[in-house]
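Thanks for coming. I have one structure to show today, so please look at the screen.

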Amino acid sequence: MFPVSEIKHDNPELPRFTYLEKINVIISESSIANDFVIIPSGKDIEESIEDQIKISLDYAVSFVKKYIRKLNKHHKVIINFERRYGHYVGDSLGLILTLKFIEELLNYDNSVVQFRALPGTAYSGRFEIDGKTKSLSEESVIKKTEAVFFSGVAAFALPIENLETTQLKLSELKKKYPGRDLKLIGVEDIEDLIARRNLVAIKKRSIKERSVKFAKKN
């Protein structure tokens with residue numbers, strides 16, 4: 001899951017509320033080119049979120065090639081925001097999106113390796129083309145830290161450049177609610193994200209699991 005904030009177009013001075021959203025991804029083969037569908041969305045996909053989707057998919061494809069002999073050249077990607085608070089803009093879903101893409105690509109191709117983003121963690125942050133995380137604005141990361149703190153999740157993963165601001169906000173919140181235990185995880189780049197076993201579980205599928213999935217697919 002990841003935190004999303006309202007945008008007050010009519011009056012920017014009004015307070016912005018932040019919520020936690022859940023994301024589901026379905027990936028299948030596309031014969032011509034990569035095709036992206038976002039639910040819900042407007043007529044056209046907002047530019048920054050589309051750019052992040054492409055970056056995350058490129059890195060996910062690059063990662064899974066070591067486990068899949070013959071990977072489809074093009075994919076149809078359906079991204080479904082479960083709680084549907086509105087039409088989403090921005091690129092701060094990059095961390096969770098990359099993990100979900102890897103998970104679904106390996107699942108779709110029935111890979112010998114199973115990849116799973118561990119539950120109980122909220123993610124916020126984007127990736128640049130070079131794979132490095134890019135920091136969020138101070139206002140945004142403070143709002144998102146508050147939302148995650150009061151959500152009850154166990155951990156919050158975000159760009160490492162935002163870690164100090166988040167730690168300060170967390171210390172402030174814990175003075176009022178000392179019993180709340182929230183772990184902060186600063187992520188430097190995509191490789192750092194994937195390598196963390198407190199965020200990702202990687203294990204081999206059994207022959208039985210792969211056989212059942214193969215039979216269903218065919």
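First, the ground rules. This is a predicted model, in which local features need pLDDT of at least 70 and side-chain atom pairs count only at pLDDT 80 or more, while totals for chains, interfaces and linings use all residues. Residues are numbered from 1 along each chain as its sequence is written, and side-chain values use heavy atoms, with hydrogens and water left out.

Now the make-up. The chain has 6 helices and 12 strands. Both are DSSP runs numbered from the N terminus: helices are H or I with at least four residues, strands are E with at least two. Of the 218 residues in the chain, 44% are buried. Buried here means under 20% relative accessible area, exposed means over 50%, and partly exposed is in between, with a 1.4 Å probe and protein chains only. As for contacts, meaning heavy atoms within 4.5 Å, take those between residues at least 6 apart in sequence: 77% of them join residues at least 24 apart.

Is valine 77 buried or exposed? Its relative accessible area is 0%, so valine 77 is buried. From valine 77 to isoleucine 26 is 51 residues in sequence, but 5.9 Å in space, C-alpha to C-alpha. If we leave aside neighbours within four places in sequence, the residues in contact with valine 77 are Val25, Ile26, Ile27, Asp35, Phe36, Val37, Leu57 and Phe101.

Helix α1 covers residues 47–64, and its axis comes within 8 Å of the axis of α2, crossing at roughly 45°. Axes are lines fitted to C-alpha atoms, for helices over the stretch in contact, and the angles run from 0 to 180 degrees between N-to-C directions. α1 and α2 are therefore oblique to each other. On that scale, under 35 degrees is roughly parallel, over 145 roughly antiparallel, 65 to 115 roughly perpendicular, and the rest oblique. The contact includes Leu57 of α1 and Phe101 of α2. By class, this contact has 11 nonpolar, 4 polar and no charged residues. For these classes, Ala, Val, Leu, Ile, Met, Phe, Trp, Tyr, Cys and Pro are nonpolar, Asp, Glu, Lys and Arg are charged, and the others, Gly among them, are polar.

The second pair is helix α3, residues 138–149, and helix α4, residues 163–176. Their axes come within 9 Å and cross at roughly 45°, so α3 and α4 are oblique to each other. The crossing of α3 and α4 is right-handed. Among the residues making the contact are Ile142, Thr145 and Glu146 of α3 and Lys169 of α4. This contact of α3 with α4 has 5 nonpolar, 3 polar and 4 charged residues.

Lysine 169, in helix α4, has 11% relative accessibility and so counts as buried. Its contacts, leaving aside neighbours within four places in sequence, are Ile142, Thr145 and Glu146.

Last, the salt bridges. Side chains of opposite charge can pair when their charged atoms come close. The cut-off used is a side-chain nitrogen of Lys or Arg within 4 Å of a carboxyl oxygen of Asp or Glu. How many salt bridges does a search of the whole structure find? The search finds 9.

One of them joins aspartate 91 and arginine 126, at 3.1 Å from N to O. Aspartate 91 lies in the loop between β5 and α2, and arginine 126 in strand β8, so the pair ties together parts that are 35 residues apart in sequence. Aspartate 91 is buried, at 19% relative accessible area.

Another links glutamate 188 with lysine 132, with the closest N and O atoms 3.9 Å apart. Glutamate 188 is in the loop between β11 and α5 and lysine 132 in the loop between β8 and β9, so this pair ties together parts 56 residues apart in sequence. Glutamate 188 is partly exposed at 41%, and lysine 132 is partly exposed at 36%. Lys132 and Glu188 also belong to a network of salt bridges with Asp189.

Definitions and conventions:
A crossing is left-handed if the near helix is turned anticlockwise from the far one by less than a right angle, and right-handed if clockwise.
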